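Try each task yourself before you read its solution.

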Amino acid sequence: MKALKLLDSRACAVTAGAWPDRLADLAVAALIDEAMLTPKPGLVDLRGSGAHRDLHWLLMCHSAHALRPSFAAMAQAGGDIDHLPTLRTRIGAIGRTAESAMMAATNGVNTHRGAIWALGLIVTAAANGDAAPAQVAARAGALARLRDPGAPAVTGNKGEAARMTYGVGGARGQAEAGFPHVVDVALPMLRASRGRGNDESTARIDALVAVIASLDDTCLLARGGPAALSAARRGAQAVLDAGGTGTPGGRRALHALETDMLARGVSPGGAADLLAAALLLDAIEQTQHTEWQHGEIAV
Ligand SMILES: CC(C)(COP(=O)(O)OP(=O)(O)OC[C@H]1O[C@@H](n2cnc3c(N)ncnc32)[C@H](O[C@H]2O[C@H](COP(=O)(O)OP(=O)(O)OP(=O)(O)O)[C@@H](O)[C@H]2O)[C@@H]1O)[C@@H](O)C(=O)NCCC(=O)NCCS
Ligand SMILES: Nc1ncnc2[nH]cnc12
């Protein structure tokens with residue numbers, strides 16, 4: 001197993017296999033934090049199911065926990081396998097196992113298919129010790145661009161149909177581009193909002209809203225077509241224009257966005273996944289920084 005790059009020339013406590021497990025814990029925590037973040041427009045949160053009929057926050061948390069072994073296996077593979085095409089094949093197989101584990105845990109409800117994809121690529125990419133979000137996301141993008149020989153040619157998923165009908169990149173395009181909505185939109189907004197003195201929940205909701213404002217979210221497209229996608233983007237932009245959800249005007253605009261999403265029966269599930277991805281990258285960076293300072297990082 002490789003040592004973390006951070007530790008190359010320094011002596012630290014070393015516990016074999018600990019970093020993949022830590023990455024899996026951080027991925028599960030990011031999914032749970034996203035599910036419980038409240039209020040979110042049209043999405044599952046602590047108040048209820050949003051625009052969904054088959055989802056609730058406890059199911060989302062249960063699903064997140066069921067994914068832990070798969071995230072750990074992907075991170076382990078990311079640390080063990082240097083050859084990227086081999087690694088891509090390996091994590092594709094683990095990703096499909098993760099989808100089966102999700103379906104088994106939720107009795108067939110799609111809680112986290114997009115999140116398995118995004119967070120799976122990120123834990124794999126972070127396993128070699130990179131902590132800077134842009135570097136991890138770039139490596140995840142390089143992996144996503146590789147062909148997965150085990151992938152079915154056609155999945156029949158709603159996202160795939162929306163991508164073909166509307167010519168958008170969706171979850172696949174976002175990953176192949178190195179997660180621009182995570183690195184260039186969500187993370188800067190998370191930090192800017194914290195910097196304005198907002199509490200952590202407000203900063204996270206601001207980051208979510210910033211993603212909704214410009215993402216081609218196939219979850220919105222599949223349920224409500226281009227009209228729903230435009231409405232969500234417009235509504236989210238109004239929140240940002242009002243100064244974000246830390247302001248009275250921003251909270252009013254968020255309420256209006258939520259009312260519109262519920263009336264249309266649509267939800268920005270792709271943006272929620274990317275918020276979780278941003279929380280994960282943020283946590284990876286903070287964990288390495290903190291644990292390095294305390295000499296606790298393991299390889
Ligand atoms: C590459 C895959 C992600 C497949 O993607 P594809 O686009 O072909 O199809 P879907 O699986 O349908 O869509 C992907 C989900 O990704 C989220 N998403 C949407 N837009 C974006 C975007 N622009 N950027 C990032 N992510 C995006 C979204 O997921 C969330 O919504 C889901 C809930 O939606 P809902 O409508 O309620 O549920 P459905 O079951 O679809 O409908 P109902 O029956 O309930 O009405 C929820 O999952 C959220 O996560 C999209 O839905 C990938 O699956 C793949 O190829 N996997 C293979 C394994 C692999 O290679 N893994 C690699 C290692 S990880
Ligand atoms: N909070 C949430 N609500 C609905 N769909 C989601 N997909 C990922 N997170 C979600």
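**Exercise 1. Sort the residues of the shell around ligand 1 by class.**

Solution. Start with the count by class: the shell holds 11 nonpolar, 15 polar and 12 charged residues. Here Ala, Val, Leu, Ile, Met, Phe, Trp, Tyr, Cys and Pro count as nonpolar, Asp, Glu, Lys and Arg as charged, and the others, Gly among them, as polar. Next, find the members: 38 residues surround ligand 1, and the closest are Gly95, Gly114, Gly159, Gly269 and Gly270. A residue is near a molecule if its C-beta atom, placed from the backbone, lies within 6 Å of it. Then trace the shell to its helices: H4 (84-106), H5, H7 (158-166), H8 (170-176), H11 (218-241) and H13 each supply at least two residues. The largest share, seven residues, comes from H5.

Before you go on, keep in mind that this is a predicted model, in which local features need pLDDT of at least 70 and side-chain atom pairs count only at pLDDT 80 or more, while totals for chains, interfaces and linings use all residues. Residues are numbered from 1 along each chain as its sequence is written, and chains are lettered from A and ligands numbered from 1 in the order in which they are written.

**Exercise 2. Describe the shell around ligand 2 and find which helix gives the most to it.**

Solution. First, the members: ligand 2 is surrounded by 13 residues, with Leu43, Val44, Gly269, Ala272 and Asp273 the closest. Second, the helices: H1 (18-36) and H13 (269-293) each supply at least two residues of this shell. H13 gives the most, with three residues. Third, the classes: six residues are nonpolar, four polar and three charged.

**Exercise 3. List the elements of the protein chain and check its overall dimensions.**

Solution. The protein chain has 13 helices and zero strands. Helices (H or I, at least four residues) and strands (E, at least two) are DSSP runs, numbered from the N terminus. Read from the N terminus on, the elements run α-α-α-α-α-α-α-α-α-α-α-α-α. Taken along the principal axes, the C-alpha atoms fill a box of roughly 55 × 45 × 30 Å. With 299 residues, a compact globule would have a radius of gyration near 19 Å, and the protein chain agrees, because its value is 19 Å. That radius is taken over C-alpha atoms, and the globule rule is 2.2 Å times the number of residues to the power 0.38.

**Exercise 4. How do H5 and H6 cross, and which residues make the contact?**

Solution. Begin with the axes: those of H5 (residues 113-126) and H6 (residues 133-145) come within 8 Å and cross at roughly 115 degrees. Axes are lines fitted to C-alpha atoms, for helices over the stretch in contact, and angles run from 0 to 180 degrees between N-to-C directions. H5 is therefore roughly perpendicular to H6 (a term for angles of 65 to 115 degrees). Now the residues: Leu121, Ile122, Thr124, Ala125 and Ala126 of H5 meet Val136, Arg139, Ala140, Leu143 and Ala144 of H6. Two residues are in contact if their C-beta atoms, placed from the backbone, lie within 7 Å. This set divides into eight nonpolar, one polar and one charged.

**Exercise 5. At what angle do H3 and H5 pack, and which residues make the contact?**

Solution. H3 (residues 68-80) and H5 pack at an angle of about 35 degrees, with their axes 7 Å apart. From H3 the contact takes Phe71, Met74, Ala75, Ala77 and Gly78, and from H5 it takes Leu119, Gly120, Val123, Thr124 and Ala125. By class these are seven nonpolar, three polar and no charged residues.

Technical notes:
Angles under 35 degrees count as roughly parallel, over 145 as roughly antiparallel, 65 to 115 as roughly perpendicular and the rest as oblique.
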